[in-house]
Amino acid sequence: MASERDPNQKPPGGVTRRGFLGSVGAGAAALATGVARPGGAIPEITDPDEMMQVALSINGRLHRLLVEPRWTLLFVLRERLGINGTKAGCERGECGSCTVLIDGQARYACMTLAMEAEGTEITTIEGLMTGEELGPVQQAFVTHDGFQCGYCTSGQIVAAESLLRTNAAPTDDEIRRGMSGNLCRCGAYAHIVNAVAGAAELKKGKTS
């Protein structure tokens, strides 16, 4: 039978098992609370003189605030304005979770500086609703089960909105190409294509 080992006993390397587990836990807590928080791991302001005033029109409302020139639109939306429908994913322009509309065109908020967006009309997932009523694309994603975990869904919906504004009746292949910049780690692509096609029909019904 194996003998019981004192958890505080130091192995040859000089670190106890308990100490190792404690340090790992502390490191994970630090990551969760500061170093890698959602919305961008941007440190606190170090020089107030670097702050610049911008006016951002978001979902029809003008927001005036001070930003650092390096802050992304994603960071400002989530961490400074509390507009959290736009999700932080890869934060390097690959997954599409942070997709917003800028003057009607789909853009990655993680790759757009907040100052770049001044003078444009920014629309987030929240801006596609009319009061408490879902927009056609949002409703179609619900009807056609166009999501699983839901994390990428806001970006998918905004990208679909952009696609349908330029092509009101896309084919399935056109939908796949138009949505190719948005990744779904759950693999719900067939449902997403159906949802976008369904949204096209809903939009057609609203305009006919």
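In the predicted model, T86 lies in the loop that joins α2 (73–80) to β3 (99–102). With a relative accessible area of 2%, T86 is buried, because this value falls under 20%. Leaving aside neighbours within four places in sequence, the residues in contact with T86 are L74, L77, R78, S97, C98, V100, A109, T124, I125 and S154. The loop between α2 and β3 also holds E91. E91 is partly exposed, its relative accessible area being 33%, and its phi is positive, near 60°, although the residue is other than glycine.

Most residues other than glycine have a negative phi.

Helix α3 comprises residues 136–143, of which P136, V137, Q138, A140 and F141 are buried. The cover over these buried residues includes α4 (153–166) and α6 (189–207). Just after α3, D145 adopts a positive phi of about 55°.

The packing of two helices is described by the angle between their axes and by the distance between those axes. For α3 and α6, the axes come within 8 Å and cross at roughly 135°. The two helices are therefore oblique to each other, and their crossing is right-handed. On the α3 side, the contact is made by P136, V137, Q139, A140 and F141; α6 contributes I192, A195, V196, G198, A199, L202, K203 and K206. By residue class, the contact of α3 with α6 divides into nine nonpolar, two polar and two charged residues.

In soluble globular proteins, nonpolar side chains tend to be buried together. In this model, the largest nonpolar core has 23 residues, and V137, F141, M179 and V196 are those with the most contacts inside it. Two or more residues of this core come from each of α3, α4 and α6. Not counting residues up to four places away in sequence, F141 touches G146, F147, T153, Q156, I157, A160, I192, A195 and V196.

Conventions. Residues numbered from 1 in each chain as written. Predicted model: local features only at pLDDT ≥ 70, side-chain atom pairs only at ≥ 80, totals over all residues. Heavy atoms only, no water. Helix = DSSP H or I, 4+ residues; strand = E, 2+ residues; numbered from the N terminus. Buried < 20%, exposed > 50% of the residue type's maximum accessible area, 1.4 Å probe, protein only. Contact = heavy atoms within 4.5 Å. Axes fitted to C-alpha atoms, helices over the stretch in contact; angles between N-to-C directions. Parallel < 35°, antiparallel > 145°, perpendicular 65-115°, else oblique. Left-handed = near helix turned anticlockwise from the far one by under 90°. Nonpolar A, V, L, I, M, F, W, Y, C, P; charged D, E, K, R; others polar. Core = buried A, V, L, I, M, F, W, Y, C linked by side-chain atoms within 4.5 Å.
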